[in-house]
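Here's a quick briefing for anyone meeting this structure for the first time. Take a look at the sequence and the model, then read on.

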Amino acid sequence: MGTVIVAAGAVTGGGIAQAEDTATKQYPLAPTFLDGIGMELANPGGSAPGSNDWSCEPSDEHPEPVVLVHGTMANRQDNWAYLSPLLANEGYCVFALTYGNYPELPWPFSAVGGLKPMEQSAVELAAFVDRVLDVTGAEKVSLVGHSQGTLMPTYYLNRLGGSTEVRNLISLAPLWDGSHAFLLEATFSLFGQAGLRDELEQLVATVGCGACPQVLAGSQWFRDLHADGVYAPGVQYTNIISRYDELVLPHTSGYREADNATNFVLQDHCEADWAEHVAIVNDPVAAAVVLNALDPDNPRPVPCVSVPPFTGWSPTAPPR
């Protein structure tokens with residue numbers, strides 16, 4: 001197990017010092033997931049720092065823009081208050097969308113994303129990626145997703161032609177076999193035994209969350225996904241998994257082997273990392289794995305720091 005605490009440069013790749021030399025703007029990193037929620041409260045409908053600069057031109061070092069794909073009931077701002085500025089500080093063009101929401105509703109309801117059936121959200125993602133490619137002139141993008149944002153893109157990749165436009169899918173808290181959380185899957189399975197599971201899924205969808213039953217193990221979504229094959233040829237997959245994930249149960253649902261996939265269980269590397277489903281997006285350990293997946297030719301050490309659950313980051317983590 002990794003036990004060494006690495007200095008800030010190990011996580012940011014020396015980005016802060018480099019930026020000071022080149023006078024490049026550096027964005028502050030939000031210490032906890034709660035800070036992202038605070039950003040949404042202060043700037044309704046806004047974007048996370050460092051993201052959605054449509055004048056950004058990809059560099060030779062990082063020619064592919066990064067598109068961030070949030071989780072259920074999150075959005076482009078609150079989910080990415082840590083990773084978006086970190087990636088921008090590293091020199092990436094970063095873009096993030098809010099998908100699966102109901103923009104016709106008043107805020108804050110309009111800011112709740114990931115609610116619509118994932119097939120519909122995948123169409124939104126496809127259109128957003130096309131816009132990113134058109135504006136930046138890039139040939140492909142890399143996707144970084146969290147929770148549902150790891151799963152929904154598979155429809156785009158496998159059925160909407162996205163595999164020709166995406167180099168990487170880097171997944172924080174993936175769930176390739178679905179979740180058994182909170183006995184919800186057991187409830188849906190009971191209805192399935194009575195031949196009524198599809199009807200129950202449709203009922204839940206009518207009350208505003210079509211994606212919610214889809215992410216449960218045994219759903220029609222997973223039956224179709226496994227029939228297609230989870231991984232799209234030509235795309236590189238990185239699965240970043242927490243043993244303490246309270247929503248992806250069991251956590252091994254996110255572990256899937258293939259020639260084009262790498263699996264990284266945080267606690268196999270660092271026992272001091274207590275990040276779970278929420279804190280994983282504010283976890284310096286996970287962030288270093290993301291950076292290495294985006295730029296495998298220039299790997300940096302993955303730190304081991306004590307990260308608390310539910311909020312992310314830590315007093316022992318590299319400072320902002």
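Which residues point one way from β3, and which point the other way? Val-141, Leu-143 and Gly-145 go one way, while Ser-142, Val-144 and His-146 go the other, and all of them are buried. Keep in mind that this is a predicted model.

**Strand β3 and its partners**
- With 6 of its 6 residues buried, β3 (residues 141-146) is largely enclosed by the rest of the structure.
- β1 and β3 run parallel and are joined by 4 bridges; Val-69 has Gly-145 in β3 as its bridge partner.
- β3 also pairs with β4, again in the parallel sense, over 6 bridges, and here Leu-143 stands opposite Leu-169 in β4.

**The nonpolar cores**
- The largest nonpolar core counts 38 residues, and among those with the most contacts inside it are Leu-68, Trp-80, Val-144 and Ile-280.
- Elements giving two or more residues to this core include β1 (66-69), β4 (166-172) and α12 (284-294).
- The largest share, 9 residues, comes from α12.
- A second, separate core has 37 residues, including Phe-128 and Trp-176.
- Beyond its neighbours within four places in sequence, Leu-68 is in contact with several residues, among them Trp-80, Leu-87, Phe-95 and Val-144.

**Helix α3**
- Phe-33, Gly-36 and Glu-40 are the buried residues of α3 (residues 33-42).
- These three sit on the same side of α3 because they cover an arc of only 50 degrees around the axis.
- Leu-34, Leu-41 and Ala-42 are exposed, on the face turned away from the buried side of α3.

Definitions and conventions. Residues numbered from 1 in each chain as written. Predicted model: local features only at pLDDT ≥ 70, side-chain atom pairs only at ≥ 80, totals over all residues. Heavy atoms only, no water. Buried < 20%, exposed > 50% of the residue type's maximum accessible area, 1.4 Å probe, protein only. Arc of directions from axis to C-beta. Core = buried A, V, L, I, M, F, W, Y, C linked by side-chain atoms within 4.5 Å. Contact = heavy atoms within 4.5 Å. Pairing = 2+ DSSP bridges.
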